[in-house]
Amino acid sequence: MSGSFSSVSPAERVQRLTEELRRRILLLDGGMGTMIQATGLAEEDFHGERFGGHGCSLAGANDVLALTRPQLLREIHLAYLQAG
């Protein structure tokens, strides 16, 4: 995307981001693992209800959070977007 997001209003940021999403695939680049670790998740958080009976450790399997803690991932992505 051309230009900086830091100099525009939040509404304009959303508009520009939406326009870019219609045109192409966008990637968020940031310390996702660091952000997840900062939440202090326990083993049980990775298992959730879906994998409650799973016998292996899932701690650190951040991809499984898309199934067990999707709201947490939404909040992290939103924090990146709000940071500009």
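The paragraphs below go through the nonpolar core, a surface patch and the salt bridges of this predicted model. Residues are numbered from 1 along each chain as its sequence is written. Because the model is predicted, local features need pLDDT of at least 70 and side-chain atom pairs count only at pLDDT 80 or more, while totals for chains, interfaces and linings use all residues; side-chain values use heavy atoms, with hydrogens and water left out.

In soluble globular proteins, nonpolar side chains tend to be buried together. Here the largest nonpolar core consists of eight residues: Ile36, Phe46, Leu58, Val64, Leu65, Leu72, Leu73 and Ile76. Helix 5 (residues 70–83) supplies the largest share of this core, three residues. A nonpolar core is a set of buried Ala, Val, Leu, Ile, Met, Phe, Trp, Tyr and Cys residues joined through side-chain atoms within 4.5 Å. Buried stands for under 20% relative accessible area, exposed for over 50%, and partly exposed for values in between (1.4 Å probe, protein chains only). Helices are DSSP runs of H or I with at least four residues, numbered from the N terminus.

Leucine 73 lies in helix 5 and counts as buried because its relative accessibility is 13%. Apart from neighbours within four places in sequence, leucine 73 is in contact with Met32, Ile36, Leu65 and Ala66, where contact means heavy atoms within 4.5 Å. Leucine 73 and leucine 26 are 47 residues apart in sequence, and their C-alpha atoms are 17 Å apart in space.

Helix 5 also holds leucine 78, which is partly exposed because its relative accessibility is 44%. Leu28, Leu78 and Leu81 make a nonpolar surface patch of about 260 Å². Residues in a patch have over 30% relative accessible area and no salt bridge; nonpolar side chains (Val, Leu, Ile, Met, Phe, Trp, Tyr) are joined within 5 Å, and like charges within 9 Å. The areas come from the Shrake-Rupley method with a 1.4 Å probe, and for residues only the protein chains shown count as cover.

The charged residues come next. Side chains of opposite charge can pair when their charged atoms come close. A salt bridge requires a side-chain nitrogen of Lys or Arg within 4 Å of a carboxyl oxygen of Asp or Glu, and the count by this rule is three.

Glu20, Arg23 and Arg24 are linked in a network of salt bridges. Glutamate 20 lies in helix 1 (residues 10–23) and counts as buried because its relative accessibility is 12%. The closest N and O atoms of glutamate 20 and arginine 23 are 2.7 Å apart. These two residues are three apart in helix 1, so about one helical turn separates them. Arginine 23 is exposed, with a relative accessible area of 61%. Between arginine 24 and glutamate 20 the closest N and O atoms are 2.8 Å apart; arginine 24 is partly exposed at 37% relative accessibility.

Aspartate 45 forms a salt bridge with arginine 69, with 3.3 Å between the closest N and O atoms. Aspartate 45 is in helix 3 (residues 43–47) and arginine 69 in the loop between helix 4 (65–68) and helix 5, so the pair ties together parts that are 24 residues apart in sequence. Aspartate 45 is partly exposed at 25% relative accessibility, and arginine 69 is partly exposed with a relative accessible area of 28%.
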